[in-house]
Structures are given as structure tokens and as C-alpha cells.
Amino acid sequence: MRSSRIPFRWLRASLALLLILQSHVMATEASGVGADWEYSYDPCSVLGPQHWGDLHEEWETCKTGAQQSPISIKPSNIIVSPSLGSLRTGYDTRPAFLQNKGHEILVNWTESPGDLVIGEKTYHLRQCHWHSPSEHQLFGKRYPLELHMVHTTPAGEIAVIGVLYEFGHFADPLLNQLSDGLIDLQTQDDVFVGTIRPPLVGEREPYFRYGGSLTTPPCGEPVTWTVMKEVRSVTERQLASLRIPVHDKDNARPVQPINGRNVYMSMPPLEDHASS
């Protein structure tokens, strides 16, 4: 007779997944993210972005914060900063699951799949999620999709990489990996999707850096934002696969006042100038 014992590696992976799901539920309850709020642009809605700061005392930063995100990145607030240097990231494949939060779709890894280094600090990638249309505007344009790669330090500091997408003939590699899981997410809240590699964010790619906030309640500050200058390609079918599980609703916060903040733009590596 064939043994019915479950391999230890699958038990270990299942336990890790259960622990992450439990911790996510606890974090959601603590932050109030599970409470009623919405992205509605209807001026009559009392739950829309213009009212988030009034819905709960812990969310007051949504209306009083001076470093709120997203913002409009345009020539008038950009300062070229050679001291930023190349973006330092390193990612690998790790087991992950998809989650439908109602407002957005997340991919969570059972353990961090890699890091972002800013100065002397190392931020560990925790999850990715999407906003449609994009939340940040680049040179006056809002794009169909924006990916947020959320990183944290052990001390709880947050750094997010934002990647903008426009419609094109080339499919996005991350969404390709998640295509079957996104179909299952139409009828389930959580789907285990196997080992997933995060997007490759190239060290030679120019980027923008500014100090901001979370773009959903409680809109916490500060958050170190890195918005990639290169706009990537996504297909209309892929965008639909993200929007169908959330009932095809927009989930982008309007741009916030810049309040005198500067946006710093990195310079390409010197060898790129030499070869051009």
C-alpha cells in the first residue's frame, strides 16, 4: 500500500503559509484597513479618499499629513541627484500566495524573496500589489496600471518601489506567472501559487526618489518612495485579470499636494554616458 504521509517540506510550507495569513489578518485589524472605506470619486460619498482622514482617529494623517502620496512627478519638482547612485536590489524565487483584499490584489511571499538597499539600510520585500489606474502621475500622465513593491526593515521602516505600465504587445512577466492564480482568485480569497520571482528592477534603470506615505488608510508617514522612470508593458488581458476579482473598480488615490517636497532623479551609470 502506498504511504499517505504528507512530505515534511509541504507541511513546513503549509505552516509558513498559515502563519503569514494569521499575521496579515492581525495587521489588517490593527491598522483598520478592513474597515469601510472606498476609492469612490463621487462627491456625495462619505467613504471616498477625501474623507478617509475623518473616518477613524487613527487615519487622521490622511488629511493632515504633509508628505502624502501619490504625487505628480514633473519637471518643476525634479532635481537630478548623481549621489543617488544605481538602485541596489536583489530578488529570487520564493513560495507565494495571492490574496484578494477587496480593494486590491496582493502577492505575498512566505518569506522575503529579496532586498532593497538604501544608504546603510536594508529593506526586505514583503508583498506586491497593483493599482489601476496608476496612482503616481509621470510628466502629467496617468497610466493604466501601477505596481507597488512594499519593503520593510526589522524596525518597521517602509520603502516602496513603484512601477508604471502602459498597454503594449509584451506581457508582464510577473502577471504571466500569476495568470492561473488570478483566475482562481475570482472565486477564492486566497490562492497558493507556488514559487514566484518578483519583478526584476534593473540597477541601470533611472528612478525618482521622494519622501511620502502609504496610499491607503492609515496613510502613514514617512515612506521612502522609488518610482521607476521606465514605463513597462502590460496587455489589456492582463489588466482585466487584475480588475475582475475586485469587480472592475478603480483603486487609485488621487494625487496629493507636493507641499514643497523635492523629487530626486538618479543619473545613469558613468559607463552608459561613455558608450553613448
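This is a predicted model: local features need pLDDT of at least 70, side-chain atom pairs count only at pLDDT 80 or more; totals for chains, interfaces and linings use all residues.
**Aromatic cluster, disulfide and cavities**

Trp 37 and Trp 52 are both buried. The rings of Trp 37 and Trp 52 form an edge-to-face aromatic pair, with 5.2 Å from centre to centre and 85° between the planes. Trp 37 sits in the loop between helix 1 (8-31) and helix 2 (52-55), while Trp 52 belongs to helix 2, so the pair ties together parts that are 15 residues apart in sequence.

Trp 52 has a further partner in Tyr 39: the ring centres are 5.7 Å apart and the planes stand at 75°, so this pair is edge-to-face. Here the link runs from the loop between helix 1 and helix 2, where Tyr 39 is found, to Trp 52 in helix 2, and the two residues are 13 residues apart. Tyr 39 is buried, as is Trp 52. Taken together, Trp 37, Tyr 39 and Trp 52 make up one aromatic cluster. In the structure, the count of aromatic pairs comes to 5.

Attention now turns to the cysteines. A disulfide is a covalent bond between the sulfur atoms of two cysteines. The structure contains 1 disulfide, and the residues it joins are Cys 62 and Cys 219, with an S to S distance of 2.1 Å. This bond connects distant parts of the chain, 157 residues apart: Cys 62 lies in helix 3 (residues 61-64), and Cys 219 in the loop between strand 13 (207-212) and strand 14 (223-228). The torsion about the S-S bond is about 90°, so the disulfide is right-handed. Cys 62 has a relative accessible area of 7% and is therefore buried, and Cys 219 is buried too, at 0% relative accessibility.

The structure has 2 cavities of 30 Å³ or more, and the largest cavity holds about 80 Å³ of space. Among the residues lining the largest cavity are Glu 104, Trp 130, His 131, Leu 242 and Arg 243. Strand 7 (121-131) and helix 6 (236-243) are the elements that give two or more residues to this lining.

Note on methods
Residues are numbered from 1 along each chain as its sequence is written. Side-chain values use heavy atoms; hydrogens and water are left out. A disulfide is a pair of cysteine sulfur atoms within 2.5 Å. Helices (H or I, at least four residues) and strands (E, at least two) are DSSP runs, numbered from the N terminus. Buried means under 20% relative accessible area, exposed over 50%, partly exposed in between (1.4 Å probe, protein chains only). On a 1 Å grid over the protein atoms alone, a cavity is a set of points where a 1.4 Å probe fits but cannot get out, and a pocket is an open set with protein on both sides within 12 Å along at least five of seven lines; lining residues have an atom within 4 Å of a point. Grid points are joined across faces, edges and corners, and a volume is the space filled by probe spheres set on the points. Rings of Phe, Tyr and Trp (its six-membered ring) pair if their centres lie within 6.5 Å; planes under 30 degrees apart count as stacked, over 60 as edge-to-face and the rest as tilted.
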